[in-house]
Amino acid sequence: MKVSMFHLMPYSAMPEEPPHGPDWKTAGIWVDLPNSVYNPQIGNELYNEYLDELEYAEQVGMDGVCVNEHHANMYGTMPSPSIMLASLARRTSKANLIVLGTSIALYNPPVRVAEEMSMIDVISGGRVVCGFPVGTSQDTNWVYGMSPSVFRERYYEAEDLIKKAMETREPFHYNGKYSKLRYVSIWPRPAQEPRPPIWVPGGGSIETWDWTIEKDHVYAALSYGGYKRAQQTLNGYWSRVREHGADETPYRAAYMQLTLVSDSAEQAKKEYQEGVEFFYQKLLGSTGRYFPEAPGYRTEASIRAGFERSLALAQESAPQAGRKAPQGAGPSWDQLVEEGNIVAGNPDEVAEKLREIATSLRVGHVLPLLQIGNMRRETTMKNIKMFGEEVLPQIHDVWDDEGWEDRWSPRPLAQRAQPATIGG
């Protein structure tokens, strides 16, 4: 099994009071968040902390590091994941560089993505994974103003153009509905032949399942709802895999899980509770409160499927309903552990749970989120260290005995240049 550290790079210095509205739940932290709240001095510290943490993940044995793209919000401050990958390309030497992902439908023309990913692939010696999400409605429809009625169509065309630009070795013309280019010949071309692998992050849309299966991409289930909710999503995905007649190798699926490791479950709660509750109660508390999915963003079929999964999960959770936090209070640490949003405990407990999750969901790529909410460097580094040194060795061999081929990890150059030490 491949294990890669996921990072959101949140802005953790939320003021006590927002500039507009009586509280943060009312003000919201996505789409219309005033950037007067942002302190560049703090941002400078955080970005460098976060890059240090991802670089350290390689040192403790992670297979890869993951970045992503969001706009105008406080819980994910990477409007340009390419910049983060470029930074990591020079400060790492072995880890896969995974972008989950770049909102390709927002680029005009999309060949810009092909150029940027190819540059980073060459700089890193062939370690890039291209993640192409359809994108959240908040980012794409509300912030960038893309009409939901044409968004998925633009996405499909953008991916077709990007793949062709990366794979084709002679200039060609492209006459699409949204991109009309007389000459396409990207320089440089990617180091990997014919191109880097493609992963598609998703939240459970049937259309995204079908697209990834038809194109033979990885489907990456990214959600903060935890493994119990993800079970419904992945069950639906694997059902579609069988309907398409595709092979059921676990490496065609990835899953992100919030993970916290300490000396004991009690110590984990003591060390990480503040960061986790800050994330769920404040950063996520109002992300979709006033800017939900725009009409037309999700098709009727996907909406119906989502209702069915929610109903099934509600029926399974009915016996615990009486123990939920009061309305408006936000989920507590104990509730988040119980409902599977987070995995926390000593290394053996965490490893056992992650092995169970990987086999139950049938995923060959697990993406632990190890920095959460307002966790700072020292706390996060401890989590990364214990995960890498004591959990990772216990889970790397999942799927080894089944002999499946991983067709979706990078294929680095056999000989790769390394940054030189300059000066005395």
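Modeller: Before we talk about helix packing, axes are lines fitted to C-alpha atoms, for helices over the stretch in contact, and the angles between N-to-C directions run from 0 to 180 degrees. Please also keep in mind that this is a predicted model.

Colleague: Fine. At what angle do α7 and α8 pack, then, and how far apart are their axes?

Modeller: Helix α7 and helix α8, which covers residues 227-244, pack at an angle of about 45°, and their axes are 10 Å apart. That angle makes α7 oblique to α8, and the crossing in which α7 passes α8 is right-handed.

Colleague: Which residues meet there?

Modeller: From α7 there are I206, W209, D210, T212, I213 and E214, and they meet T233, G236, Y237, R240, V241 and H244 in α8. Sorted by class, this contact of α7 with α8 has five nonpolar, four polar and three charged residues.

Colleague: And α6, how does that pack with α7?

Modeller: Helix α6 (residues 148-167) packs with helix α7 (residues 206-215) at an angle of about 20°, with the axes 13 Å apart. Since angles under 35 degrees count as roughly parallel, α6 and α7 are therefore roughly parallel to each other. The crossing of α6 and α7 is right-handed.

Colleague: What residues make that contact?

Modeller: On the α6 side they are R152, Y155, Y156, E159 and K163, and on the α7 side E207, T208, W211 and K215. By class, the contact of α6 with α7 has three nonpolar, one polar and five charged residues.

Colleague: Is α7 largely enclosed or largely open, and why?

Modeller: Eight of the ten residues of α7 are buried, so the helix is largely enclosed by the rest of the structure. The buried residues in α7 are I206, E207, T208, W209, D210, W211, T212 and I213. After α7 comes D216, and its phi is positive, near 60°.

Colleague: Pick T208 for me. Buried or exposed?

Modeller: T208, which is found in helix α7, has a relative accessibility of 6% and so counts as buried, the cut-off for that being under 20%.

Colleague: What does T208 touch, away from its sequence neighbours?

Modeller: Not counting residues up to four places away in sequence, T208 touches V134, R152, V200, P201 and Y219. Of these, V134 is 74 residues from T208 in sequence, while the C-alpha atoms of T208 and V134 are 8.1 Å apart in space.

Colleague: Changing topic, where does K177 lie?

Modeller: K177 lies in the loop between β5 (172-175) and β6 (180-184). K177 is exposed because its relative accessible area is 57%, and the cut-off for exposed is over 50%.

Colleague: What is K177 in contact with?

Modeller: Once the neighbours within four places in sequence are left aside, K177 is in contact with E153 and E157. K177 and E157 are 20 residues apart in sequence, and their C-alpha atoms are 7.9 Å apart.

Colleague: Now the core. Which residues have the most contacts inside the largest nonpolar core?

Modeller: Those are F279 and F387, in a core that has 121 residues. Leaving aside neighbours within four places in sequence, F387 is in contact with V3, M62, T259, V261, L354, P368, L370, L392 and I395.

Colleague: Last one, the whole chain: how many helices and strands, and what share of residues counts as buried?

Modeller: The chain has 13 helices and eleven strands, and 54% of its 424 residues count as buried. Among contacts between residues at least 6 apart in sequence, 80% join residues at least 24 apart.

Key:
Residues are numbered from 1 along each chain as its sequence is written. This is a predicted model: local features need pLDDT of at least 70, side-chain atom pairs count only at pLDDT 80 or more; totals for chains, interfaces and linings use all residues. Side-chain values use heavy atoms; hydrogens and water are left out. A nonpolar core is a set of buried Ala, Val, Leu, Ile, Met, Phe, Trp, Tyr and Cys residues joined through side-chain atoms within 4.5 Å. Buried means under 20% relative accessible area, exposed over 50%, partly exposed in between (1.4 Å probe, protein chains only). Contact means heavy atoms within 4.5 Å. Helices (H or I, at least four residues) and strands (E, at least two) are DSSP runs, numbered from the N terminus. Angles under 35 degrees count as roughly parallel, over 145 as roughly antiparallel, 65 to 115 as roughly perpendicular and the rest as oblique. A crossing is left-handed if the near helix is turned anticlockwise from the far one by less than a right angle, and right-handed if clockwise. Ala, Val, Leu, Ile, Met, Phe, Trp, Tyr, Cys and Pro count as nonpolar, Asp, Glu, Lys and Arg as charged, and the others, Gly among them, as polar.
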